[in-house]
Amino acid sequence: MSGKFMIYGATGYTGKLVARTAKALGMRPLLAGRNEARLKSVAGQHGFEYQAFGLDDRQALTAALSQVDAVLHIAGPFAHTSRPMREACISTRTHYLDITGEIDVFEACAAADVEAREAGVMVMPGVGFDVVPSDCLAAHMKARMPDAVELTLAISGLGRMSRGTAKTGVESIGKGTRVRRDGEIVALGSPPRREVDFGQGPKPAIAVGWGDVATAYHSTGIPNITVYFEASPELERMASLGTIGRWFASTGFMQRRLKDAIEKQPEGPTDAERREGHAVLVGEAVNEAGDRIVSRLRTPEGYTLTAMTSLEIMRRTLAGRAVPGFQTPSRVFGPDFIVEFEGCTRRDLNG
């Protein structure tokens with residue numbers, strides 16, 4: 001079934017945006033997900049085929065995967081959905097792409113490297129805003145400073161989250177702030193803070209357990225990695241929870257309460273908000289001698305960029321550019337991949 005792919009999770013905010021973008025690009029994916037009524041509605045808007053099934057229905061999942069060469073997996077939280085889809089893809093020799101930003105999912109995908117290579121399947125998680133721009137920036141910093149031992153990535157301009165992204169964040173509350181130290185992922189009791197210049201002078205930033213704590217190490221080998229977000233009132237509240245507060249927020253009762261509250265929020269940013277938004281990422285690398293280099297990357301708004309990068313990576317995958325095994329975007333497509341997209345500009349600030 002050469003050249004055909006599936007979008008699984010096509011009825012959520014990001015799934016609908018990716019499907020709409022695919023239509024505009026002349027692509028014709030098979031849409032899939034659990035809810036047949038919602039799938040029928042989305043597919044009908046674009047004239048796409050669709051199939052409804054849950055990931056727990058292995059027979060239906062395997063049958064659907066036999067019809068396609070690759071899957072763009074968009075149904076999160078990926079902590080629950082990645083493994084069944086990934087394992088089914090490897091068993092059916094179907095390339096696996098997803099848009100996760102979850103550290104544990106990246107590491108689980110990395111652990112499946114040998115199995116995926118033996119099956120001739122590429123497993124590339126994080127083909128959206130998580131983590132294409134930051135992964136490419138990390139690889140660019142490594143190219144600029146091959147002897148770097150410390151990498152800092154900082155992100156600004158993350159606007160309103162989709163419900164799915166917010167729920168993923170809620171599920172990670174109890175894990176603390178994870179960073180990479182001496183090659184190992186560790187959780188810190190309180191998040192580091194610093195100031196970062198995103199282009200308009202220094203701004204306060206707070207460390208977060210972003211996906212690059214996993215992927216940037218696989219892409220660069222740099223042993224010490226910390227990711228920061230520009231501070232916001234919501235992030236400040238999260239950072240001030242403390243050990244007991246994080247534990248309480250991670251209990252089943254509070255998780256249900258928080259997710260119920262998320263369901264009452266807007267589905268995601270409006271088209272106007274996406275058009276007006278943008279993100280800025282700053283990379284900093286330091287070597288043993290204390291030499292320091294900085295680069296800054298500007299991109300379109302995160303969900304807009306996710307639709308762009310995920311579909312371009314899918315296009316290249318279907319065109320025969322997949323590399324079997326666990327991969328990161330920059331390892332396959334290079335550090336300059338991100339600047340090929342409209343609205344993405346990178347500037348080296350020193351060094």
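Strand 1, helix 1 (residues 13–24) and strand 2 form a β-α-β unit that is right-handed, meaning that, with the strands pointing away from the viewer, the path from the first strand over the helix to the second runs clockwise. Helices (H or I, at least four residues) and strands (E, at least two) are DSSP runs, numbered from the N terminus. The model is predicted, and local features need pLDDT of at least 70, side-chain atom pairs count only at pLDDT 80 or more, while totals for chains, interfaces and linings use all residues. Residues are numbered from 1 along each chain as its sequence is written, and side-chain values use heavy atoms, with hydrogens and water left out.

Within this unit, strand 1 (residues 5–8) and strand 2 (residues 30–33) run parallel and are joined by 3 bridges, two strands being counted as paired if DSSP finds at least two bridges between them. M6 has L30 as its bridge partner in strand 2, and I7 stands opposite L31 of that strand. Strand 1 is also joined to strand 4, in parallel, by 4 bridges, with A70 of strand 4 as the bridge partner of F5. From strand 1, F5 and I7 point one way and M6 and Y8 the other, and all are buried (under 20% relative accessible area, with a 1.4 Å probe and protein chains only).

The open sheet as a whole has 7 strands in the order 3-2-1-4-5-6-15, with parallel pairing. Strand 3 (50–52) and strand 15 (325–326) stand at its edges, each with a single partner strand, so one side of each is left without a neighbour in the sheet.

How values were computed: Buried < 20%, exposed > 50% of the residue type's maximum accessible area, 1.4 Å probe, protein only.
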